[in-house]
Amino acid sequence: MLGRLVDDPDAVLWHRYLDLMRAWIAFAQATFLDDESAEALLALDGQLVAWADTAPSKDYTIEDCNWRVEFRALAAGVAEPYENPHFVHNLLHQWMLATNPIPSALLPAQLRAVHRFNQTFSTRATAVLRFERELFEISVPMGTHKASFTFRPQIATVEWSEPPDCDDDEIARLLAFGIVLDRFQAWWPGKLHHRREKVAGTWTLSIRYIAPTTRWRRDDLLRVCAQFRLLFDGAYDFSYVSNDEVDGLPGALPADPWQPIFERFVRHRLMYDDAAQYVALHTQPLSSWFADVARSTVARRMVVRAVRADLAGNLRAIDRLSGWLSSDGGSDERFARRYALLRLLSLVVAVFWPMDSVRLLTARERYNIGHDLVASSVLRRADVRDEVVAMVANRTPALDGFAGLVIRHVPALAITDDNAAGYAGVLLGEAHSFRRAKQYLIAHHAAAIDADVLARLVADMGTVPFGVGIDDERAIAAAMARVGDRLRFNIARGIDWTLLDDSPAGDNDDA
């Protein structure tokens, strides 16, 4: 209906569109609502009523907005009137996706695995949108507009959108996606079709994949998700980029060597696991790799050289880049370029030599920024977990050496009930660092920590996770009774800062 209005602002269709959204609000009002949502819906309904007395809008373009922020302003009566009803449409859509999910526990095991995989890097719920006999759809909470995976027998479809205010000459990310998707079609089994189109002012990518087999297996489902999430996750900061930034990409990805490179990156994305503790995507080298490769000839050449070299040669290159960054650094622009290359090279090492890079890290006594970047990627791979756990098991709690890297990035691999008290003691002396380790320690092992030590840890923290176990939560509640309340969050999901008015920055970052 909205698409038809964009093409032809007919008065009859205009009123049907407004009436449909008013009915949508009335349906929502028949359910239990918190006070803020109830007031926000009343305000939105009032805007729809006001529009009914006006001529149809001629422009349905909207700006990037978050429903929590907007609902808070609407309920408080401080929201500015929206320019057209598409804003209301979008806010209702966001709100219902966030607050009315189908419980994932109802899903079969293989679909629960798909749901969990797509929860990675997200503080918002990956909602189950539809679950029918031959159809399964989940949202991927990555933007203002709907992004989703839909699976039918033998067919997967994907929707992904740029921010709604992205200009026609700033869709380099979509252009780059299309170029790589064409390569996927040529390289891998099955049939893949994609198109990009501008709908109601928003550029959208639609992908349709037809599998080579008639029946989905669990591994097939995860592989399809990994192929596309690899691109989406790797383009985190790639919006509003001029189209000419990717002019050199179409002829730059021959099958040799880029097909095996992408194959290994897909494998890495499949192995990436943040189930024990939320990870902010922007802190990870994975978040920028695709944008760098799409935009930079230098980055592409470096990747090719790296995969054709050996691990030792790449580690020497990492040492050189790290040394340069740690010494002078030069101009801000030059520093940013070299740091981006270091992030990319560290990721290549984790992707192509995961176990060997872990073993070489254990052999070092001192680490530079490049080693830390390698650790941030490789230690979260499921296929190195058992060996890393064995390497740090039965060690005296400490924050230096290889164990320190593990504690910084994936404390779940080192901290247990048996050593939790020891780690609590050493972490007490780190007032402004190892925040992730403290959060994990408290969430999973608060009951194993001395009450006085736990209270001192909590006192130094602005955000405190809920206890995973009942005894852990009781211990945390007792500590907060002594030192004062703190912002609480789920350790597996992190903090959605849009829930807050004046939020401290960075508590979801690695530290």
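Visitor: Why does Asn314 count as buried?

Guide: Its relative accessibility is 5%. Buried means under 20% relative accessible area, with exposed set at over 50% and partly exposed in between (1.4 Å probe, protein chains only). With 5%, Asn314 falls under that cut-off, so buried it is. Keep in mind that this is a predicted model: local features need pLDDT of at least 70 and side-chain atom pairs count only at pLDDT 80 or more, while totals for chains, interfaces and linings use all residues. Residues are numbered from 1 along each chain as its sequence is written, and side-chain values use heavy atoms, leaving out hydrogens and water.

Visitor: What makes the Asp310 and Asn314 pair a polar contact?

Guide: A polar atom of the Asn314 side chain lies 3.1 Å from the backbone oxygen of Asp310. A polar contact is a pair of N or O atoms within 3.5 Å; within protein, one must be able to donate a hydrogen and the other to accept it, and residues adjacent in sequence count only if both atoms are side-chain atoms. At 3.1 Å, the pair is within the limit. Asn314 itself sits in helix 12, residues 311-326 (helices are DSSP runs of H or I, at least four residues, and strands are runs of E, at least two, numbered from the N terminus).

Visitor: Which residues is Asn314 in contact with, leaving aside neighbours within four places in sequence?

Guide: Ala306, Ala309, Leu345, Val349 and Trp353, where contact means heavy atoms within 4.5 Å.

Visitor: Is Arg269 buried or exposed?

Guide: Buried: its relative accessibility is 0%. This arginine belongs to helix 9, residues 255-271. Beyond its sequence neighbours within four places, Arg269 is in contact with Phe117, Thr120, Phe121, Ala226, Arg229, Leu230, Asp233 and Leu286.

Visitor: How do you know how many disulfides the structure holds?

Guide: The count is 0, and a disulfide would need a pair of cysteine sulfur atoms within 2.5 Å. Among the cysteines, Cys166 is buried at 3% relative accessible area, and Cys225 counts as buried at 0%.

Visitor: What is the order of the strands in the sheet?

Guide: It's an open sheet of 6 strands, ordered 1-2-3-4-6-5, with antiparallel pairing. Two strands pair if DSSP finds at least two bridges between them.

Visitor: Why do strand 1 and strand 5 stand at the edges?

Guide: Strand 1 (128-132) and strand 5 (191-199) each have a single partner strand, so one side of each lacks a neighbour in the sheet. From one strand to the next, the twist averages 10°.

Visitor: Why is strand 2 called largely enclosed?

Guide: Because 5 of its 5 residues are buried. Leu135, Glu137 and Ser139 cover one side, and Phe136 and Ile138 the other. Strand 2 pairs with strand 1 over 4 antiparallel bridges, with Arg130 opposite Glu137. Towards strand 3 there are 4 bridges, again antiparallel, and Phe136 stands opposite Phe151.

Visitor: Which residues touch the most other members of the largest nonpolar core?

Guide: Phe151, Phe238, Phe262, Trp289, Phe290 and Phe402, out of 131 residues. A nonpolar core is a set of buried Ala, Val, Leu, Ile, Met, Phe, Trp, Tyr and Cys residues joined through side-chain atoms within 4.5 Å. There's also a second, separate core of 29 residues, including Trp14 and Trp51.

Note on methods
Axes fitted to C-alpha atoms, helices over the stretch in contact; angles between N-to-C directions.
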